[in-house]
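Here is a short report on a ligand site and a few loop residues. Look over the sequence and the fold, then read on.

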Amino acid sequence: MTTAPRANDPQAISEAQRPIWNSAAAAYPDVTAMAVGPMLDAAGVEIGTRALDVACGPGLVAGAAAARGAAVTGIDFAEGMVEEARRQHPSIEFRVGDAAALPFDDEAFDAVVMGFGIIHMAEPQKAFEQAKRVLKPGGRLAFTVWDAPETLTAFRIVFETVGAHIKSEDEDAEEPPLRGKTDEALLTGYLTEAGFIDPTFERLPLVWEVASADALFQAFRSFASVESASDDVVEAIRADIRSAAAKYERDGILHLPMPAILVSGIRP
Ligand SMILES: C[S@@+](CC[C@H](N)C(=O)[O-])C[C@H]1O[C@@H](n2cnc3c(N)ncnc32)[C@H](O)[C@@H]1O
């Protein structure tokens, strides 16, 4: 079994992550929406399922689970995300809380889903242990992560272009342990270490369609630390993103490969 890496300073990672997500809440891009259906299928979410959406963000996974007829609850540690989720999905219960210390009873859910959340968590092993604790026996966990960074066209175009114009200030900061990790043995090893059985691992060849290069930049602007850049620098970034994105244009829109990985396991 591959031993799961642990963060040296989980608190510092969480303190760095939370404001990023709070400031992204109101203009959250829809790039993760393509993975929701396969993840809900892998977790067995259907009519009547008691489902928990961990790291729910603005609630798109919870919303899709509710549309299937599931009784769903969402939780996220960024208050801004939870406010946005409540605004977008007023009939769903959303709570503020940490995936590493879920405020729910043992065996409270039939399914737990985590869409692109684990890659940002300081203590992924605790999140998996908690997911197992709140699942009833036979319940399923399914989660998604992005595939290898060099394959993620939208992120590559925006963040490489921004990085060429603006030097990042926190290059030495410790990253969440699962950031950029795509190895099957590592990811399924986390699940088996937490006590899940029958892990599955599937690559999802997703392609994100976005209206234009300007819309692409806008989608990730709040993550790209361009607030303090001059108008000239922002214009230069915008122009370079247009050139880098041009080869992905077909029929007037961009088709950007954004492959993901779907992992699942069963609580015995
Ligand atoms: C990329 S967003 C994913 C949102 C949504 N699940 C989706 O699929 O679009 C990552 C989310 O993870 C949340 N998050 C990160 N660490 C967390 C933690 N320890 N506990 C709960 N939520 C966390 C962030 O606040 C953010 O909303």
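The side chain of Thr 32 places an N or O atom 2.6 Å from an oxygen atom of the ligand. That pair is a polar contact, meaning N or O atoms within 3.5 Å; within protein, one must be able to donate a hydrogen and the other to accept it, and residues adjacent in sequence count only if both atoms are side-chain atoms. This is a predicted model: local features need pLDDT of at least 70, side-chain atom pairs count only at pLDDT 80 or more, and totals for chains, interfaces and linings use all residues. Residues are numbered from 1 along each chain as its sequence is written, and side-chain values use heavy atoms, with hydrogens and water left out.

**Ligand contacts**

Backbone atoms also reach the ligand, at Ala 55 and at Gly 115.

| Residue | Protein atom | Ligand atom | Distance |
|---|---|---|---|
| Thr 32 | side-chain N or O | oxygen | 2.6 Å |
| Ala 55 | backbone N or O | nitrogen | 2.8 Å |
| Gly 115 | polar backbone atom | nitrogen | 2.9 Å |

Taken alone, the ligand exposes 600 Å², and the protein buries 97% of that. These areas come from the Shrake-Rupley method with a 1.4 Å probe.

There are 19 residues around the ligand. Each has a heavy atom within 4 Å of it. Tyr 28, Thr 32, Ala 55, Asp 76 and Gly 115 come nearest. The shell holds twelve nonpolar, five polar and two charged residues. Here Ala, Val, Leu, Ile, Met, Phe, Trp, Tyr, Cys and Pro count as nonpolar, Asp, Glu, Lys and Arg as charged, and the others, Gly among them, as polar.

**Loop residues**

Most residues other than glycine have a negative phi. Phe 116 has a positive phi of about 50° and is not a glycine. Phe 116 lies in the loop between β4 (109-115) and α5 (124-134). Helices (H or I, at least four residues) and strands (E, at least two) are DSSP runs, numbered from the N terminus.

Asp 251 is not a glycine either, and has a positive phi of about 55°. Its loop runs between β8 (249-250) and β9 (253-257).

Which of these is buried, and which is exposed? Phe 116 is buried, at 7% relative accessible area. Asp 251 is exposed, at 76%. Buried means under 20%, exposed over 50%, and partly exposed in between (1.4 Å probe, protein chains only).

Asp 147 sits in the loop between β5 (135-146) and α6 (153-165). Asp 147 is buried, at 8% relative accessibility. Its side chain makes a polar contact with the side chain of Arg 203, at 2.9 Å.
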